[in-house]
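The exercises below are meant to be worked with the coordinates open beside the text.

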Amino acid sequence: MTNIPETGRTPRVQIRLVVIQILVLSLLGTLGGRLWYLQIRQGAEYQREASGNHVQQVVDPAVRGDILDARGVPLADNETRLVVSASRTDLLKQKDDGKAVLAKLAGVLGLKTEDVEQKVRLCDAKTPQPCWNGSPYQPIPITDEATPKQALQIRERAEDFPGITAEPEAVRRYGAPGKSNTSQVLGYLSPVTDDEIQKAKNTDSPYLRSDMVGRSGLERQYDKELRGKAGVTRYEVDNLGRVIGKAKADPAEAGSNLVTSIDSRVQRVAEYELDKAMKVARQQFDKITGTNYKADSGAVVVMEAKTGRIVAMASAPTYDPNVWVGGISAKDYKALTGKNSDYPLLNRAIQGQAAPGSTFKVISTAAAVEAGYDFNGRYPCTSSYSVGNQVFKNFEGESFGPIPLGRALEVSCDTVFYYLADQEWKKDGGINPKKGQPKDYFYKAAHQFGLGQETGVDLPNEVTGRVPDRQWKLDYWKANKDAWCKSGKKDGSYVEKIAYENCLEGNKMREGDSINYSIGQGDTLVTPIQEARIYGAVANGGTMYQPTIGKAIISPDGKTITPIKPKKTGRLPVSKATLKGMDDAFAGVVTRGTAAWKFSGWPQDKIPLHAKTGTAEVYGKQTTSWLATYSKDYTVIMTIAQAGTGSGASGEAVRNIYSALYGVQGDGSIDNKKALLPEPQKDLPKVRPDGTVTAPKIVGDPAKDVEAAQKNNASNGEDEQPAATAPTDNTNSNTRRRPRRRGSRRTRT
């Protein structure tokens with residue numbers, strides 16, 4: 001007898017079958033549950049996403065808003081050009097990744113094949129400019145200067161140029177009205193990146209892949225207002241890509257217009273005079289270095305004294321912002337960023353920082369009065385000031401005897417300020433003060449005047465400058481001590497001796513540090529915009545303003561005008577009596593002080609000018625020229641690196657800027673008809689019913705007109721004293737090196 005069931009299956013086989021059935025049922029249950037989840041629970045969401053696969057969107061870029069000067073003249077606007085673009089996606093579908101197509105395209109456009117290929121490269125850490133830093137799925141512009149004939153060739157032979165388009169598009173234009181460049185103020189545009197798209201995805205101003213965004217200047221600062229909103233039309237398409245209907249259309253919204261306080265006429269004069277002053281300086285001989293002055297960079301700021309609004313801002317060297325339009329070439333990019341470029345992209349009015357020289361004495365004077373010294377007291381203006389075995393000399397050994405602080409400002413007497421700063425250093429406890437003892441009037445005053453911090457001007461990447469107070473010295477010493485101790489030598493070269501001294505006591509406020517600091521030397525750094533705010537406050541009675549360039553935002557239809565009002569940021573820590581004394585002294589600088597030789601014949605009784613000259617020593621370089629001036633309406637600051645004295649390098653240029661503003665002729669007469677801006681412009685330009693802004697016609701070159709007026713009249717006295725013998729700033733003269741005590745330093749910038 002057998003125990004095998006009639007089925008012929010053993011118990012083990014039956015168990016296996018049961019397990020398999022359970023697994024199958026479990027799998028079916030899982031699949032069923034998943035189908036329920038996808039079709040029932042998430043069905044609506046996936047249906048929406050699936051429909052998106054059959055929707056294609058066409059982007060209509062928004063017209064970017066214009067940047068206008070104070071009179072409504074366009075500084076940056078748009079024009080229609082024939083733009084040739086390449087689709088990287090279509091090129092990569094070719095067997096050779098589109099190289100043959102790009103070679104043909106280069107031939108049609110008259111460009112080098114290499115230049116065209118470089119433009120379609122994607123930017124990354126290893127790929128230098130020119131390259132494409134926008135979305136790889138967006139058409140990449142090859143040129144915006146195609147001729148109708150070239151565009152027609154491309155369109156008629158579409159089969160030879162797959163992925164290449166030639167279409168009329170609105171592109172940015174920097175028109176330079178009246179030859180006013182304004183490049184560093186305006187900035188430039190470039191395509192939005194994927195990272196920027198992601199970061200702005202959930203903000204109130206998201207980017208589209210077709211957007212161009214501001215990279216510097218006003219284009220960046222007011223990008224959100226200028227950019228507008230691109231239009232998007234969504235089409236329903238079938239699996240073959242054929243349009244079967246329109247899903248939704250959002251019309252493009254043009255960007256708003258920005259009205260600035262810049263006057264393009266004054267801007268042109270400022271740029272011209274800065275450039276001319278630098279060229280003249282390069283023809284002058286520097287006795288210290290035995291070569292001509294290099295005058296390699298500079299800046300000028302013209303600001304309304306009572307509002308802080310910027311009328312003109314120029315930086316040299318400069319560049320043409322139009323080189324960025326349509327993608328920059330390798331040659332142009334190297335010219336802007338290479339080692340021999342002098343970095344023209346840098347706006348030296350807000351990013352160039354240097355020791356201020358004697359223009360800093362406005363702060364030292366205020367600090368001395370705050371410390372208890374009488375403004376009208378008598379202080380020794382000796383030919384030199386000795387500290388230990390170190391002698392600090394006045395300019396060419398000049399000596400004026402006991403003089404008040406006002407007269408010390410007029411003749412820029414260094415030894416008066418050496419004495420005051422040294423006395424306060426000793427009162428503060430010297431090199432090893434007791435805890436809580438130092439009052440540091442001279443350093444606190446600098447902070448109260450706004451140094452060591454941004455002014456808040458509406459431009460990106462402003463730098464702070466530097467006030468080398470005790471905390472800064474301590475932080476700087478901690479950061480550099482190891483390097484100083486490693487390279488320093490007690491009996492080595494000048495640099496090695498400095499490193500040795502800093503290793504031992506770089507964290508302490510030394511006597512030489514305070515003495516140098518009092519005349520704007522040492523480690524002090526300021527920017528032209530900071531000086532403009534300070535001297536503007538002196539001009540208006542003590543109120544400090546946040547410098548501004550934007551004056552109003554006007555909506556595309558012209559119905560909404562949003563003014564950008566002047567903003568007060570505080571007051572100078574100076575009494576009215578001291579301000580009055582300073583004001584008289586700065587007027588004396590023009591009539592009988594260090595700038596008098598450059599302003600001879602100026603109608604001071606009708607248009608009073610005030611000034612302070614400065615010449616700052618820079619270790620390893622030639623001296624930096626500073627000239628800070630103001631009238632009842634404006635503050636004009638000019639600085640030129642490696643150009644000599646303040647009045648010598650900048651005096652004539654600054655005078656010509658005032659001549660242009662007020663219509664002053666070469667013989668000292670005033671022609672109101674030729675005055676560009678005899679008083680600050682208060683009103684905004686008028687807006688037409690269609691939203692456009694009225695603007696006067698640009699006629700002639702304002703800078704050339706001013707130059708002609710000066711030449712056609714009597715000499716302004718410039719030739720009465722040659723540069724070699726004319727009086728100059730009595731601070732840090734370029735005709736000698738100031739002896740240094742142990743531990744004192746010249747500026748290293």
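**Exercise 1.** In which loop does Pro-317 lie?

Solution. Pro-317 is placed in the loop between β14 (310–316) and α12 (330–337), where helices (H or I, at least four residues) and strands (E, at least two) are DSSP runs, numbered from the N terminus. The peptide bond that leads from Ala-316 into Pro-317 is cis, with omega near 0°. As background, most residues other than glycine have a negative phi, and most peptide bonds are trans.

Before going on, note that this is a predicted model, in which local features need pLDDT of at least 70 and side-chain atom pairs count only at pLDDT 80 or more, while totals for chains, interfaces and linings use all residues. Residues are numbered from 1 along each chain as its sequence is written, and side-chain values use heavy atoms, with hydrogens and water left out.

**Exercise 2.** Describe the chain as a whole by its secondary structure, its burial, its contacts and its surface.

Solution. Begin with the secondary structure, which comes to 24 helices and 25 strands. Next, take burial: of the 749 residues in the chain, 52% are buried, where buried means under 20% relative accessible area, exposed over 50%, and partly exposed in between (1.4 Å probe, protein chains only). Then turn to contacts, meaning heavy atoms within 4.5 Å: among those between residues at least 6 apart in sequence, 71% join residues at least 24 apart. Finally, the accessible surface of the chain is about 35,300 Å², and 51% of this belongs to carbon and sulfur atoms; the areas come from the Shrake-Rupley method with a 1.4 Å probe, and for residues only the protein chains shown count as cover.

**Exercise 3.** At what angle do helix α14 and helix α22 pack, and which residues make the contact?

Solution. Two packed helices are described by the angle between their axes and the distance between the axes. For α14 (residues 361–370) and α22 (residues 576–591), the angle is about 145° and the axes are 11 Å apart; the axes are lines fitted to C-alpha atoms, for helices over the stretch in contact, and angles run from 0 to 180 degrees between N-to-C directions. The contact is formed by Val-362, Thr-365, Ala-366 and Val-369 on the α14 side and by Thr-578, Met-582 and Phe-586 on the α22 side. Sorted by class, the contact of α14 with α22 has five nonpolar, two polar and no charged residues, where Ala, Val, Leu, Ile, Met, Phe, Trp, Tyr, Cys and Pro count as nonpolar, Asp, Glu, Lys and Arg as charged, and the others, Gly among them, as polar.

**Exercise 4.** Why does Thr-143 count as buried, and what does its side chain reach?

Solution. Locate Thr-143 in strand β4 (residues 140–143). Thr-143 counts as buried because its relative accessibility is 13%. Its side chain reaches the backbone nitrogen of Glu-145 at 3.1 Å. Not counting residues up to four places away in sequence, Thr-143 touches Leu-82, Val-83, Val-84 and Leu-109.

**Exercise 5.** Decide for Ala-176 and for Ala-295 whether each is buried or partly exposed.

Solution. Ala-176 has a positive phi of about 50° although it is not a glycine, and its place is in the loop between β5 (164–173) and α7 (183–186). At 27% relative accessibility, Ala-176 is classed as partly exposed. Ala-295, also not a glycine, has a positive phi of about 40° and lies in the loop between β12 (291–292) and β13 (297–304). Its relative accessible area is 0%, so Ala-295 is buried.

Terms used. A polar contact is a pair of N or O atoms within 3.5 Å; within protein, one must be able to donate a hydrogen and the other to accept it, and residues adjacent in sequence count only if both atoms are side-chain atoms.
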